[in-house]
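User: I am new to reading protein structures. Could you take me through a helix and a few loop residues, step by step?

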Amino acid sequence: MRLDKGKINILITGGLGFIGWNTAKAMLKDGNFNVNILDKKHTFYNDLENPDIAIIDGTHTCDAAKKDPFAFYVDDGMEIEEADVVLHLGEFARVEQSLSGNFADVLEDNVVGTARLIQEYLKQAPNAVFIYAGSSTRFSRPNAYQQSPYAFSKYMNAELIKHIGNWFNKRTFTTYFYNVFGGGENNDEIFGTVVGRFADAYLKEQKITVYGGDQTRRFTYIGDVTKNMIRLIKTIMTKINLPKSFHFVSRDTQEISINELAKMFYDDEKMIVYKPPRAGCRAKSADNIAITNPYGIYKTTVQDYVNQIKSFGEL
């Protein structure tokens, strides 16, 4: 593997997940990035070989110091550069599942793991920008962070990232994602995304299971999200006076109920099974008042995506 001088060196934690892997590939295609990934490798992907990405196998962020993910060996390893950007996506990322399992593991991954990553970041890449992937769950209603271990941990970390910037005079930012969908997303029953689960059931000609149904969400396409992330990082690297948080959604992005999403796939109500909402399920996404800094352009709607699946029969 050969990394190039003059490019942005970025460490992506959780880079083998849906958003992380698509972001890493988009960065390589863009041509202005060298990419390191730190991940547990407990991913649902099985086609991760890429000679231009250094995938560092560690136990979440706790092994950061041992694995040296902050080092970029450029020009055939003749020179070592440190990270310019740390993009932290590597956390437990499901609301309902954080209530059904061992919540201590969620806090270990999200709170303790992130604190350890930040500690290593301060030591090994003190000049780097730190970008944290927060959760838009906190904006769904007042005190929404109290509804689950996941929401609580994400709220705590977003606050920590803000204070780290102030305490240590670092450039730290938080991004908020909104129900990202697209080809390659997880579709299993426990940890799958709602669009991924519905699409998988449709392609298998199976019934769709809806938990609740009246709750609404804003959906954003992975291709748009990765383009906007690349644009944001380039902006951060060249400009100083910027907001500290960015919502990866447009105020024009429509709130869609889960019932409406299911009916995009099936006109026949007999193909939709309704069950009570899962614990921790919020009634809606963030409203326009809560979205203080919407960022990016979002062209592909979830309806466009469903139409593509129904027309071509593939993800």
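**Loops first, then a helix**

Analyst: This is a predicted model. Start with N169, which lies in the loop between α5 (149-168) and β8 (172-177).

User: Is N169 buried or exposed?

Analyst: N169 is exposed, with a relative accessible area of 72%.

User: Which value does phi of N179 take?

Analyst: Phi of N179 is near 40 degrees, again in a residue other than glycine. Look for N179 in the loop between β8 and β9. N179 is partly exposed, and its relative accessible area is 24%.

User: Now the helix. Which residues of α9 are buried?

Analyst: First the general idea. An α-helix has 3.6 residues a turn, so residues three or four places apart point the same way. Now the case here. Helix α9 spans residues 302-312, and V302, Y305, V306 and I309 are buried in it. These residues cover an arc of only 100 degrees around the axis, so they sit on the same side of α9.

User: What does the face turned away from the buried side carry?

Analyst: That face of α9 carries the exposed residues S311 and F312.

User: How do I read the packing of α6 and α9?

Analyst: Take the angle and the distance between the axes. For α6 and α9 the angle is about 20 degrees, and the axes are 11 Å apart. Angles under 35 degrees count as roughly parallel. Therefore α6 and α9 are roughly parallel to each other. The crossing of α6 past α9 is right-handed.

User: Which residues make the contact?

Analyst: From α6 come V195, A199, Y202 and L203. From α9 come V302, Y305, I309 and K310.

User: How many residues of this contact are nonpolar, polar or charged?

Analyst: Seven are nonpolar, none is polar and one is charged.

Terms used:
Residues numbered from 1 in each chain as written. Predicted model: local features only at pLDDT ≥ 70, side-chain atom pairs only at ≥ 80, totals over all residues. Heavy atoms only, no water. Buried < 20%, exposed > 50% of the residue type's maximum accessible area, 1.4 Å probe, protein only. Helix = DSSP H or I, 4+ residues; strand = E, 2+ residues; numbered from the N terminus. Arc of directions from axis to C-beta. Axes fitted to C-alpha atoms, helices over the stretch in contact; angles between N-to-C directions. Parallel < 35°, antiparallel > 145°, perpendicular 65-115°, else oblique. Left-handed = near helix turned anticlockwise from the far one by under 90°. Contact = heavy atoms within 4.5 Å. Nonpolar A, V, L, I, M, F, W, Y, C, P; charged D, E, K, R; others polar.
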